[in-house]
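Please look through the structure below before reading on. The text then leads from one part of the chain to another.

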Amino acid sequence: MTDPWSGLTFSEFMSARWSPLFRTAYLLTGDRHEAEDLLQSALARTCVRWDSIRDKGAADAYVRTAMLHQMSRQWRKSRREVPTDDLPDAGHAGGLDVRADHLALWAEIRRLPPRMRATLVLRYVEDLTEAATAAELGCSVGTVKSQTHHALQRLRAALPDLQLVQEMS
């Protein structure tokens, strides 16, 4: 089977994959502007290396990894955010503003520590396996399981009426 991306230019790849990659960036950051910055930075890194990426079908993973590395550098900084109940600009919510329960869930996901949020995004939005999530985050499968468990536990406690996915053993 041939690679569907082989022979495509970087700009064609970017045009085709912007939306799903932006969704991931938005879910990682929780802010439209930060997501744009994060994705643009990751795409700039990808553009520079485009010719050396042999498997163009893995380019999504390359961009996601670049975003996660950028996020982990930010997590390590001692920069502290001050959460508020009011957002300055609701803007584009990545499609999560369709239903009230999505809004409540998204508000709680935004309160999770960045590592837990990234684990949930990769596992349940990007539909990666535990092993693939661990590889993307640069941690062990056990850490992914633990982060997922604790994140879902927090979400269930905060939103008892909402049906959340059951963890798989």
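What follows is a walk through a predicted model, with attention to a few helices and some single residues.

Start with Phe13, which lies in helix 1, made of residues 10-29. Is Phe13 buried or exposed? Its relative accessible area is 0%, so Phe13 is buried. Phe13 and Ala59 are 46 residues apart in sequence, yet their C-alpha atoms are 8.5 Å apart in space.

Now turn to a pair of helices further along. Two packed helices are described by the angle between their axes and the distance between those axes. Helix 5 covers residues 114-125 and helix 6 covers residues 130-137; they pack at an angle of about 135°, and their axes are 10 Å apart. Because angles from 65 to 115 degrees count as roughly perpendicular and those over 145 as roughly antiparallel, this angle makes helix 5 oblique to helix 6. The crossing of the two helices is right-handed. Helix 5 contributes Arg115, Ala118, Thr119, Leu122 and Arg123 to the contact, while helix 6 contributes Glu130, Thr133, Glu136 and Leu137. Sorted by class, the residues in this contact of helix 5 with helix 6 are three nonpolar, two polar and four charged.

The loop between helix 5 and helix 6 holds Asp127. Most residues other than glycine have a negative phi. Asp127 is not a glycine, but has a positive phi of about 60°. With a relative accessible area of 64%, Asp127 is exposed.

Next comes helix 6 itself. Which residues of helix 6 are buried? They include Thr133, Ala134, Glu136 and Leu137. These residues cover an arc of only 160° around the axis, and therefore lie on the same side of helix 6. Just after helix 6 comes Gly138, with a positive phi of about 70°.

The last stop is helix 7, residues 141-158, whose axis comes within 8 Å of the axis of helix 6 and crosses that axis at roughly 100°. This angle means that helix 6 is roughly perpendicular to helix 7. On the helix 6 side the contact is made by Glu130, Ala131, Thr133 and Ala134, and on the helix 7 side by Val141, Val144 and Lys145. By class, the contact of helix 6 with helix 7 has four nonpolar residues, one polar residue and two charged residues.

Key:
Residues numbered from 1 in each chain as written. Predicted model: local features only at pLDDT ≥ 70, side-chain atom pairs only at ≥ 80, totals over all residues. Heavy atoms only, no water. Helix = DSSP H or I, 4+ residues; strand = E, 2+ residues; numbered from the N terminus. Buried < 20%, exposed > 50% of the residue type's maximum accessible area, 1.4 Å probe, protein only. Axes fitted to C-alpha atoms, helices over the stretch in contact; angles between N-to-C directions. Parallel < 35°, antiparallel > 145°, perpendicular 65-115°, else oblique. Left-handed = near helix turned anticlockwise from the far one by under 90°. Contact = heavy atoms within 4.5 Å. Nonpolar A, V, L, I, M, F, W, Y, C, P; charged D, E, K, R; others polar. Arc of directions from axis to C-beta.
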